[in-house]
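Colleague: I want to know what the terms rest on. Let us go through them one by one.

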Amino acid sequence: MPFSWLPTYAASTVYSSGDVVITASGDYEIQNGVTSVKISGNIDVNIILNNVTIDNSTLAKHSFIVTGGANANIVLVGDNTLKAGNVIDGIVQVYSGENRTSYGYAGLQVDKTSSITISGNGALTAEGGAS
């Protein structure tokens with residue numbers, strides 16, 4: 001479905017189920033049914049989050065993590081929710097390693113060598129679990 005307000009790129013790969021690991025630069029669309037997203041490595045990606053709910057609130061697992069020097073441009077379409085369990089905050093910047101085992105996991109986690117930019121007409125709720 002085209003969106004006139006989206007940037008000029010179109011998703012070359014669409015994911016709609018399972019754990020997603022992205023290690024190559026490119027344009028991706030994440031749809032409902034995905035159980036986690038990990039963007040890793042010295043890459044640049046454009047991600048469309050299209051009405052996604054990832055709920056790992058009962059698990060010791062991240063929902064969406066950007067690590068290893070990756071740069072992610074995230075475009076929101078519709079309502080998107082990222083939930084993780086056993087963590088203090090919904091959005092965390094990590095300073096050593098990708099997992100904060102002493103604090104758990106975040107709904108949206110970005111390590112200090114990585115970056116994200118969030119845009120679009122949609123909404124994003126990121127929640128961590130109770131510590």
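Predicted model: local features only at pLDDT ≥ 70, side-chain atom pairs only at ≥ 80, totals over all residues.

Colleague: Why is N80 called buried?

Modeller: Buried means under 20% relative accessible area, exposed over 50%, partly exposed in between (1.4 Å probe, protein chains only). N80 has 2%, so N80 is buried.

Colleague: What does the side chain of N80 reach?

Modeller: The backbone nitrogen of N51, at 3.1 Å. A polar contact is a pair of N or O atoms within 3.5 Å; within protein, one must be able to donate a hydrogen and the other to accept it, and residues adjacent in sequence count only if both atoms are side-chain atoms. The 3.1 Å is within the 3.5 Å limit.

Colleague: What makes β6 and β9 a pair?

Modeller: Two strands pair if DSSP finds at least two bridges between them. β6 and β9 have 4 bridges, in the parallel sense, so they pair. N56 stands opposite A84 in β9. N80 also lies in β9 (residues 79-84); strands are DSSP runs (E, at least two residues), numbered from the N terminus.

Colleague: How do you know that β5 and β8 pair?

Modeller: β5 (residues 44-50) and β8 (residues 71-77) share 7 parallel bridges, and the cut-off is at least two, so they pair. In β8, the bridge partner of D44 is N71.

How values were computed
Residues numbered from 1 in each chain as written. Heavy atoms only, no water.
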